Amino acid sequence: MHPEHQNKTSDFFERKASEQSRQVVFFDKHTNLNKTLLKASFEMALIIAKAKKSFTIGENLVLPAAIKICEIVHGDKIADALRSIPVSNDTIKRRIDYMGDYMKSQLLIQIKNSDTFAIQLDESTDLTNNAQLMVFVRYQYNLEINEDLLFCETLSETTKGIDIFKKVNDFFIINELDWTKCVGVCTDGAAAMTGRISGFKAEVMKVSPDIRFVHCIIHRENLTFRKIGCELNSIMNDVVSMVNFVKTRALNSRLFKILCEDMGSNHNTLLFHTDVRWLSRGKVLKRVIELSDELRIFLRDIKPDLSALLSNEKWMCLTSYLADFFDKVNELNLSLQGKSTNILIITSKLQAFKQKLSSWLNAFKNGDSSMFTSLHDFLTVNELSMTTSVSSIITDHLSSVLKFLSEYFPNLNKNNEDDW
């Protein structure tokens, strides 16, 4: 291999071997991290990832702050040890990617060891107008039912059923997941998901015809309460107009904040309404009711038509009712979510809420509005009585909600759990 060295003595080669050994020791000493420092680097990367902060915050803020604290509390010797912790932008990124890959590999092992698993998926557009597909998985591990995020991928082009299936199927193939072990798919009921000809369901049934498709029970419950009738929907649109007029203009937001502070309000900002966020409607309405006096004064000169609504007794009664109703719906929505829930628990909670609606309707027909606190307080403070028109709108709404619940959840009327 090296004819130029064929006449060299053995001392020459022994010297070369000794130099190579010393080089190995030198590079190991200067490139291998102390295990404690390596662990500290990973822990910092984990904290940054959980806080959803920029990777550069490690070297720009976290480590300098830690060094300064150690210098003050423990002295320069311990502080100098912290300087060896690698926390550069690229290092933190590698640590987070490594932890993510490790968690993914462990999740896939657990899913493969499970006899069966089920998935839940949803597609939504983010702030940058990119369609994001999120897939969750439920599986059995250590005699427990576990739920985890399986993956989140961007749909680069269209969001048709075939595109969603291709993205999920490619993930299954790459990670060697078996479609025959998938026993259930939960979707939001959209046409792209449930289409029998070209939807995601149609494509899945071709590879595994025994999979059971279900419409998310919480999503069905949310669809039920979105139907509020023409007059109540008009009031909701008025509320959104008020909020947008204040929030979409920087000057209006600043002036409204100053007004709220001068009046000693508990809040100084309104909340935007976002239709895709299920809790948004209740929170927006409740905040408008809490700041109704401040909002009426603020809009009096610049938007007299909107300000007049806040002085209208009927409009305020119905808005207060909507705030109370959706506040109760938000409580129900939050109680239906969580890892420990199942179909029987969710069904019992929906059944209990349906019984509450029925009792509220009967009490309201008898002139009792105490179950709706904002409405009751508004009537009490202003010494008003419930008008026939307001009472009729509210009773019609409660009756329609009960009807829609029965249509979306026909089994709520059954007491036999075997039917589920």
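Helices α9 (residues 217–226) and α15 (residues 313–336) of this predicted model pack with their axes 11 Å apart and at an angle of about 175°, where axes are lines fitted to C-alpha atoms, for helices over the stretch in contact, and angles run from 0 to 180 degrees between N-to-C directions. The two helices α9 and α15 are therefore roughly antiparallel to each other, a term applied to angles over 145 degrees. The contact (heavy atoms within 4.5 Å) is made by I218, E221 and F225 of α9 together with F325, F326, V329, L332, N333 and L336 of α15.

Strand β4 (residues 182–187) is largely enclosed by the rest of the structure, because 5 of its 6 residues are buried, that is, under 20% relative accessible area with a 1.4 Å probe and protein chains only. Strand β1 (residues 117–125) runs parallel to β4 and is joined to it by 4 bridges, with C182 of β4 as the bridge partner of F117; strands count as paired if DSSP finds at least two bridges between them. Another 4 bridges join β4 to the parallel strand β5 (residues 212–215), in which F213 stands opposite V185.

The average pLDDT, the predictor's confidence in each residue from 0 to 100, is 86 for the protein, and 95% of the residues score at least 70. Over residues 416–420 the pLDDT stays under 50, and the model has 6 contacts beyond four places in sequence for this stretch.

Residues are numbered from 1 along each chain as its sequence is written, and side-chain values use heavy atoms, with hydrogens and water left out. Local features need pLDDT of at least 70 and side-chain atom pairs count only at pLDDT 80 or more, whereas totals for chains, interfaces and linings use all residues.

Key
Buried means under 20% relative accessible area, exposed over 50%, partly exposed in between (1.4 Å probe, protein chains only). Angles under 35 degrees count as roughly parallel, over 145 as roughly antiparallel, 65 to 115 as roughly perpendicular and the rest as oblique.
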